[in-house]
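User: I have a structure here that is new to me, and I would like to go through it with you. Could you show it first?
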Amino acid sequence: MSIYEKIVKAEKEGRSYALATIVNTVGCTPRSAGTKMLVFTDGSTEGTVGGGLAEQLVIKDALSCMRSGRPLLKRYSPKTIKEADMEPDCVKTMDIFIEPHASGAVLYLLGSGHVAQAVLPLAVKTGFYTIVADTRDMSDYREELAGADEIIQIDSFDDLSMLEPTAGAYYIVCTSSHATDGQALGAAMGQDAAYIGMLGAKHKFLPIFNDLRKAGYTDEELMQIYAPIGLDIGGEGLDEIAVGVIAEMMAVKYGRSGGFSRDKKRAELFPDAGEK
């Protein structure tokens, strides 16, 4: 299967990837200009740009490009390897263009439990680049979280720096306790987020919101949090909750109210009906 066929396959599967292409070489190099390599979110690759430390650095940069959504043109040389605190080997000089093809907006699932597991497959299908983060060991949830682009175990929900948060991302707070929900929500509030939603009921939100007020957040800022999370569609099952959550995020993404489409077109469809 050619690399182009692999790209088509990845596109059909909704799988994020980055395409690294050698655009110029200096001197004798293992691969010539035009050589391509695919990098996937789990760090696996198809093809090669020459192997060795330079290729390791290309893979690292490709993962960053998929996260940010921005392409990169970079020269890889013995100097580049040294600046990355890697011991230079027989690296030759290559200019490589990395073009990310991420599935869409970044969604951070802060927590890996049943709600996250229900939301994840729908988030993937609707084009979100999904990152699941938890302080707990997630090895027992490998099958349930298999569709995630990244799975990251963090030290604390107070600090999301390990996730390298991107601007305009979406956050769902669904940790294993009220205490860690409060930590995660406070940390998410410190990011330039497009959407922050938290699972739970009123008795849970009030103490968390009061703590955020003490931290300096205004009621206007707190009103931007989607809590309780999800559109009110009436379902209480996990899959039904997940549908409501994804629908709410899509409404935010496209700047819609989330109401019935029928109602918006009622006057056009029934001009003589008047207001009911």
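**Contacts and cores**
User: Which residues does L185 touch, leaving aside its neighbours within four places in sequence?
Analyst: With those neighbours set aside, L185 is in contact (heavy atoms within 4.5 Å) with V173, I196, M198, I208, F209, L212 and I225. This is a predicted model, where local features need pLDDT of at least 70, side-chain atom pairs count only at pLDDT 80 or more, and totals for chains, interfaces and linings use all residues. Residues are numbered from 1 along each chain as its sequence is written, and side-chain values use heavy atoms, with hydrogens and water left out.
User: How many residues are in the largest nonpolar core?
Analyst: That core, a set of buried Ala, Val, Leu, Ile, Met, Phe, Trp, Tyr and Cys residues joined through side-chain atoms within 4.5 Å, has 46 residues. Those with the most contacts inside it include L185 and F209. Helix α2 (residues 52-68) gives the most to this core, with eight residues.
User: Now α6, which of its residues are buried?
Analyst: K204, F205, I208, F209 and L212 are the buried ones (under 20% relative accessible area, with a 1.4 Å probe and protein chains only).
User: What comes just after α6?
Analyst: There G216 takes a positive phi of about 110°.

Note on methods
Buried means under 20% relative accessible area, exposed over 50%, partly exposed in between (1.4 Å probe, protein chains only). Helices (H or I, at least four residues) and strands (E, at least two) are DSSP runs, numbered from the N terminus.
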